[in-house]
Amino acid sequence: MRSNSVGWLFLAPTLLILFIFGVVPFLYVLVIGFTQWNSFAANPDMQFAGVENFRRLVFDDQFLYSLWLTLKFAFFAVVSEIVLGYFLAQLFMRDFPGKGFFRTIHTLPLVIAPIAVGATWRLLTVPGLGPLPYYLNRWFGYDFNISRYIDQAFFTTVVMDVWHWTPLVTLTLLAALSSLPKEPFEQAQIDGANRFQIFWHITLPLLKPAILATVFIRMMDALRTVDEVWMLTGGGPGAATRYIGLHIWRVVFPKTDYGYGSAMSLITLYLTIVMCWMLYAGLVARRELKRVD
Amino acid sequence: MRHFRRKASGPLVAIVFWTVASLITLFPVYWMFAVSAKSRVQLFGSPSFLISSFFTENYLSTLSDPAFQRYMTNSIVIATSNALLVTALALLATYALSRYKLPGKENLFFWTITNRMAPPAVFLLPLFLLYTQVFVVADVKLFDTKIGLILLYCVFNLPFAIWTLRGVIDGIPKELDEAAFVDGANTWQVLTQVILPLAKPGLAVTGILTWVFAWNEYLFAATLTSVNARTITTGLAEFVTVTGTNWGRMAATAMLTLVPALLVLGLAQRHIVAGLTFGAVKE
């Protein structure tokens, strides 16, 4: 009745666009990664270099530092978001007047452009204008200057990420919590379990898939954060917040080190995939082991 | 006993808690608004949270700036074209995935999402080189053109749209198609006269969220355009990196960038989370 060729015809434009703008760039970066190509070099033409770029990467302190920073950033941000988001989701589980209104406000950061989030936080933190440095100094005598102090800059980017993305965690976990069956909880209460026991033995295992999915999605996003941080700190002071996306940009554009930048991109892509896979497998495996005990 | 006492004090505690939480959420945005409503002189000294007199100059000079007008027009054109293109193509693609027995279609479906998950920084260089050097050879101009960005944004918006619409199209009973076919309709008529009206709400949500993703995008817009096709997000970034620090105007520009986001919050709030989690979470 309906031939498959019509189906392929409907899919064709989508596949064509994804191929040209998704697959071709990937293949291209794969090729460039194995070449020496820098417009500023003595020989600016592309030439085959084997695995030389990858060898250089292993000993590149700046690259390794940037990777380490990115992981640290993702770790602090995602862990805080999950804990805080779970707590907020629990608070949304009760009914109270104005719940919908508060929820709308809570959703607001999710739709703001990352670059505007960065602008907002810059206005909050820039010395001489922002209220944060002013009041921290006036009330606590604390010298807050993210263009000078490394740790302050780092944790400000984490706090900004938490402000921006905790609502997503809250709402995903809220959706998951609302769909949990009621019987196990009632049974546990009858059996005299305390709040912590209920949380640890019933809520957490039941929420596992939702938490895993949320961690996975947040991790992916945290590892590729660029816009907000670029706007807030520009990667500074020094290289204190130069996360991997910013670092690749620096190598590729101002330095025009195409071959090396491509190798770096490939390793980053590879590590992102491996990281997420390990995270997923690790979390699943630990739970399974516990169940066997 | 304890249990009951908690419940009785619940609503008030919750309201107080959420009021504080909402103030924390709103404060950064409010401060930006406050800065946008002040003159340079008013911004000196101790930060004041009150807006004594609305300083309209920041908004007026921004809105009358030809560069800003161009950025704004570009952003509107790019986001709207992208949303329309993506929604239309995704409808066709999802219909094919839902109704035809295509070999390997589930693999294809999962493959599409990898395009969205990949870190964009990885694709900056190859796309930049393809746009400036390779695709030019074939007499195609994509660098610094709106069409270049519109097509590129499909790479991460199409997977999103397909994943969102899959549930919508699968939810429309196949019997309706069959009945229309029996009545002698062709595939195109079934798609436009049976599926389209039923899928309208889903298509609207998909279109709106796609629009926001395209509007909010910065990294590719910044690297793949130079003058003509710059978008509002790149304009905002330029306030810091190029023109220095006219905070009032930067805040005004950021506020104007935010307006569509606020509209979306009103229109598609319930679907934002599903949209951001590839449809993995339904509210």
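This is a predicted model: local features need pLDDT of at least 70, side-chain atom pairs count only at pLDDT 80 or more; totals for chains, interfaces and linings use all residues.
Chain B is built from 12 helices, with zero strands. The radius of gyration comes out at 24 Å, well over the 19 Å that the globule rule gives for 283 residues, so chain B is more spread out than a compact globule.

**Chain B overall**
- Start at the N terminus and you read α-α-α-α-α-α-α-α-α-α-α-α.
- Along the principal axes, the C-alpha atoms of chain B fill a box of roughly 75 × 75 × 35 Å.
- Buried residues make up 45% of the 283 in chain B.
- Take the contacts in chain B with a separation of 6 or more: 77% of them link residues 24 or more positions apart.

**Helix H7 of chain B**
- H7(B) covers residues 146–170, and at 1.5 Å a residue its 25 residues should span 36 Å; the end C-alpha atoms sit 34 Å apart, which agrees.
- There's a bend of about 45° at B:Val155, and B:Pro159 follows within four residues.
- H7(B) is mostly covered, with 19 of its 25 residues buried.

**Where chain B meets chain A**
- Chain B puts 74 residues into the contact, and chain A puts in 71.
- Several helices of chain B each supply at least two residues to the side touching chain A, among them H1 (2–36), H4 (66–99), H7 and H12 (247–276).
- H1(B) gives the largest share of that side, 14 residues.
- Sorted by class, the side of chain B that touches chain A has 59 nonpolar, 12 polar and three charged residues.

Definitions and conventions. Residues are numbered from 1 along each chain as its sequence is written. Chains are lettered from A and ligands numbered from 1 in the order in which they are written. The expected span of a helix is 1.5 Å times one less than its number of residues. The bend at a residue is the angle between axes fitted to the seven residues ending there and the seven starting there. A residue is buried if 20 or more other C-beta atoms lie within 10 Å of its own, exposed if 12 or fewer, and partly exposed in between; C-beta atoms are placed from the backbone. The radius of gyration is taken over C-alpha atoms; the globule rule is 2.2 Å times the number of residues to the power 0.38. Two residues are in contact if their C-beta atoms, placed from the backbone, lie within 7 Å. Ala, Val, Leu, Ile, Met, Phe, Trp, Tyr, Cys and Pro count as nonpolar, Asp, Glu, Lys and Arg as charged, and the others, Gly among them, as polar.
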